[in-house]
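Reader: I am new to this structure. Please take me through one part of it closely.

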Amino acid sequence: MVRKVSWGVFVGVVLVLGLSVWGFAKDGVDPDRKVVQIVGYDAASGKYGDYGLGNKRGQEIAVDEINAAGGIQKGSLSGYHLKLEFFDDRGDPKESANIAKRISAGDYLVAIGPTISSCALAATPVFYRSRVPNIITYSNANTITEQGFDNVIRLTYTTKSIARYIAEQVKNQFGKNSVAIISENQDYGQQLVKYFKEAADSLGISVTSESVITPGQDLDFKSVLLKAMEKDPQFLVLFVTYNEGGMIVRQTRQLGWKVPIYVPDAMTEPKFYELAGDVSNVYIQLSPTIDMSRPAAKILKEEWEKRYGGVPPLSAIYGYDAVKVAVKVMEAGATDRESFIKLMRTVKHEGVANPLYTFDDKGDSQAPPFVTMPCNEYYEKNIKGK
């Protein structure tokens, strides 16, 4: 009897010691190979494929840069290299939720992405329940961080800040008092409409017409444009993404309607300019901090030009920055998912899209004020690279 108890105690001690020694070998951290496994997810194919492909490529460039420099430089994971896996959710919220479940059950320290707000809103509850830290790259919907999840930080700005800024510019910069709105029937577009109308009401801007389109389904926008034209607004505001935005701009001009058009920074994708054609009298909301001449952008700019040509789009910039922020959290002492979550809102990082990422209690980054730029100027400077 004594022997059995002693053996049981011995086995228990061995198990406890084993767990304490090998407890580090989880959550994407492999001490044998000195590798940290991270994972990205976004719409790398389908109607939003340009966003996800840019995000993926930006993450890959950052991982290659970090590994070439010797891996993580500080903390308990000093000397560890990164390994990146990437999942394509095709811009489908159901697929994004399924991918979030796979990631949660997998051996990854942190999930990075996505761009589409509806996909982020589908994935974040899954990650919260499984305690997976999630660095949101380029999803703007306010509701992502308003859910109150402590495992989320976001690099980009919110739908509320974008919409309010556009309303203020219509009134104060352009001196216009009436607008027509065309929006997409996704979380991104509908939240922009909501916050724009709130701001417009306080500024004395009338919304003369409002139309909703379905991304990936609607291709002919002449009916909604004719509806807007009948009301003779002073501005046309588009709360859509690059595919629909480009087609609407082209069809607006084909109808001979020369109304000024205002678009959000979703139209920084080169595809928008390809589809739109003439972008004169079209204006875009931008962050003034995205300056590819800054030192923080040097390697991203050079590698992007070498691998893909041209200038990296915003989706790539945020993907690149997100990996760098993740490494900053690891260098601050994160060695598993829970410690990563605890530290992720405390770090500061000099990025490409933001000269200094810092995060508030909700996980939102402290973004500087926006600027407005003519789209043809943006195209010459950032798409053609002049």
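How many residues does helix α9 have, and how far does α9 reach from its first C-alpha to its last?

Author: First, the ground rules. This is a predicted model, where local features need pLDDT of at least 70, side-chain atom pairs count only at pLDDT 80 or more, and totals for chains, interfaces and linings use all residues. Residues are numbered from 1 along each chain as its sequence is written, and side-chain values use heavy atoms, leaving out hydrogens and water.

Now the helix. α9 covers residues 242–254, has 13 residues and reaches 18 Å. That is close to the expected 18 Å, which is 1.5 Å times one less than the number of residues. Helices here are DSSP runs of H or I with at least four residues, strands are runs of E with at least two, and both are numbered from the N terminus.

α9 is mostly covered, with 11 of its 13 residues buried. Buried means under 20% relative accessible area, exposed over 50%, and partly exposed in between, with a 1.4 Å probe and protein chains only. Among the buried residues are Y242, M247, I248, V249 and R253. Just after α9, G256 takes a positive phi of about 80°.

Y242 also belongs to an aromatic cluster, along with Y48, Y51, Y138 and Y318. Across the whole structure, a search finds 20 aromatic pairs. Rings of Phe, Tyr and Trp (its six-membered ring) pair if their centres lie within 6.5 Å; planes under 30 degrees apart count as stacked, over 60 as edge-to-face and the rest as tilted. Y157 and F370 are edge-to-face, because their ring centres are 4.7 Å apart and their planes stand at 80°. Y157 and F370 lie 213 residues apart in the chain. Both Y157 and F370 are buried.
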